[in-house]
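I want to look up a few packing details here and jot them down as I go.

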Amino acid sequence: MLDLRRLRLLRELKIRGTLADVAAALSYSPSSVSQQLALLEKEVGVELLRKTGRRVVLTAQADVLVAHTAELLETLERAEADLAASLTTVSGTVRVAVFQSAALALMPDALTAMTRDYPDVRVEMVQREPETALYETFARDFDLVIAEQYPGHAAPRHPELDQVPLTEDAIRLAVPLVGPAAGISSVAGAAGAAWVMEPRGSASRHWAEQACRLAGFEPDVRYETADLQAQIRLIESGNAVALMPDLVWTGRNVPVQLFDLDENPRRSIFTSARRAGARRPAVLAVREVLERAAAGVGRPDRVPQ
């Protein structure tokens, strides 16, 4: 019989790329990972790893084992989900990855509801960018991810993950009430303004740049930050304009001017879990309370025009 723990290490190496990354992900030492994989090679009697410079790569025989390991892990996860579903109490730990605006707008109410309605479930939350979080959920770092996709920009798809719609929010132009940009009311009118956007590589940054280019100009992205609260302060203080989704205003008065965009673009927000574990009662419970929290979010409290 092959050792499933060692097989999992081999799969982790395929996913993460280096022994150091596998060790960090599983709280092992790199030498321990290397020793376990060496023992696995002895068990199977064929070469599984080949050195290429300072790295190791998987052989074709290792890839065969990785494919079967993925099936075994999915079977075990389904078994755990079915066992949990047979119990009368919903319990366990659910690790959730969430992007910032959803963490601010949805998670406080959702966590309160979990404590009240499902006291035996422990929810652990980590803030992650959606693209990274989806991959990490596939890699089993998380049980559930709250992710987003902008119009015309589909989020990465992993066959092992499902995708359940959660909510949508409008994207609007946010301009200050004071300062030189205070009179702007359209994207085209903001051609000469200073913009604040998320860092390059994010879906929101790419979408915002495309919106400006379609309006006929290249935006002057003078300020760059992934912190949406910092973006709001830059707009509120009169230093920048931005394209902001409605979810960022949840639970607060709007301290800026918001203007609708042509075609009323909307951002889609969804949850994803591994299909093998999606039926686990604790995961279903978190999704249930997230749906309730999302249903309570409406248009920003004040939209001065």
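This is a predicted model: local features need pLDDT of at least 70, side-chain atom pairs count only at pLDDT 80 or more; totals for chains, interfaces and linings use all residues.

I started with Trp 195: its relative accessible area comes out at 0%, so I log Trp 195 as buried, the cut-off being under 20%.

Next I checked Phe 217. Its relative accessible area is 11%, which is under the 20% cut-off, so Phe 217 goes down as buried too.

Then I ran the aromatic search over the whole structure, and it returned 3 pairs. Trp 195 and Phe 217 make up one of them, with 6.3 Å from centre to centre and 35° between the planes, which I file as tilted. I looked up where the two partners sit: Trp 195 is in strand β7 (residues 194–197), while Phe 217 is in the loop between α8 (203–214) and β8 (220–224). They are 22 residues apart, so I write that the pair links distant parts of the chain.

Moving on to the annotation. The unreviewed UniProt entry puts "domain: HTH lysR-type" at residues 2–59. In the model I get 62% helix and 14% strand over residues 2–59, with the end C-alpha atoms 18 Å apart.

Which way do α1 and α3 lie to each other? I have α1 (residues 4–16) packing on α3 (residues 30–44) at about 115°, axes 9 Å apart. I therefore put them down as roughly perpendicular. The crossing of α1 past α3 is left-handed. From α1, the contact uses Arg 6, Leu 7, Leu 9, Leu 10 and Leu 13. On the α3 side I list Val 33, Gln 36, Leu 37, Leu 39, Leu 40 and Glu 43.

Conventions:
Residues are numbered from 1 along each chain as its sequence is written. Side-chain values use heavy atoms; hydrogens and water are left out. Rings of Phe, Tyr and Trp (its six-membered ring) pair if their centres lie within 6.5 Å; planes under 30 degrees apart count as stacked, over 60 as edge-to-face and the rest as tilted. Helices (H or I, at least four residues) and strands (E, at least two) are DSSP runs, numbered from the N terminus. Buried means under 20% relative accessible area, exposed over 50%, partly exposed in between (1.4 Å probe, protein chains only). UniProt positions are given in the numbering used here, feature names are shortened, and annotations may be inferred rather than shown by experiment. Axes are lines fitted to C-alpha atoms, for helices over the stretch in contact, and angles run from 0 to 180 degrees between N-to-C directions. Angles under 35 degrees count as roughly parallel, over 145 as roughly antiparallel, 65 to 115 as roughly perpendicular and the rest as oblique. A crossing is left-handed if the near helix is turned anticlockwise from the far one by less than a right angle, and right-handed if clockwise. Contact means heavy atoms within 4.5 Å.
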